[in-house]
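Here are my notes on the model you sent. Please read them with the coordinates open.

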Amino acid sequence: VQLHGEETPEDCAAIRRPVLKAFSLADPPDAGTVAAYAPHVRAMLLDWPKGRPGPVDWSALSPGWVAAQPLPVWVAGKLTAESVGGLVARLRPSGVD
């Protein structure tokens, strides 16, 4: 189940299915936020906000940041056949949506 709203860690824990919690790439979660969700979700999904203009600035994420997370990191948002290969090669996310 992908959750893209204001769900709390407790809301995520109450769902009896694997949860991917989405966070905005425009404002990636800090370590405390990730730690609060980690026991209750299967992975985090970093997504570009719907309706936000312009190209996605994936440079806000580094391979080291992705690798250091206690949860698998998925990426999403305005990915194209031309951009996804380079992004996966650079960041090494656990998944792409």
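This is a predicted model: local features need pLDDT of at least 70, side-chain atom pairs count only at pLDDT 80 or more; totals for chains, interfaces and linings use all residues.

The points below go from overall fold to sheet to pocket.

1. Every value below is computed from it.

2. Fold. The protein has 4 helices and 5 strands.

3. Dimensions and burial. The C-alpha trace spans about 40 × 30 × 20 Å along its principal axes. Buried residues account for 35% of the 97 residues. Take the contacts between residues at least 6 apart in sequence: 48% of them join residues at least 24 apart.

4. Sheet. The 5 strands form an open sheet with parallel pairing, in the order β1-β2-β3-β4-β5. Strands β1 (2-3) and β5 (95-96) stand at the edges. Each has a single partner strand, so one side of each is left without a neighbour in the sheet.

5. The β1/β2 pair. These two strands pair in the parallel sense over 2 bridges. Leucine 3 has lysine 21 in β2 as its bridge partner.

6. Largest pocket. It holds about 250 Å³ of space. The lining has 14 residues, and the closest to the pocket centre are His4, Gly5, Ala22, Phe23 and Ser24. Which strand gives the most to this lining? Strand β2 (residues 20-24) does, with 4 residues.

7. By class, the largest pocket is lined by 6 charged, 5 nonpolar and 3 polar residues.

Definitions and conventions:
Residues are numbered from 1 along each chain as its sequence is written. Side-chain values use heavy atoms; hydrogens and water are left out. On a 1 Å grid over the protein atoms alone, a cavity is a set of points where a 1.4 Å probe fits but cannot get out, and a pocket is an open set with protein on both sides within 12 Å along at least five of seven lines; lining residues have an atom within 4 Å of a point. Grid points are joined across faces, edges and corners, and a volume is the space filled by probe spheres set on the points. Ala, Val, Leu, Ile, Met, Phe, Trp, Tyr, Cys and Pro count as nonpolar, Asp, Glu, Lys and Arg as charged, and the others, Gly among them, as polar. Two strands pair if DSSP finds at least two bridges between them. Buried means under 20% relative accessible area, exposed over 50%, partly exposed in between (1.4 Å probe, protein chains only). Contact means heavy atoms within 4.5 Å.
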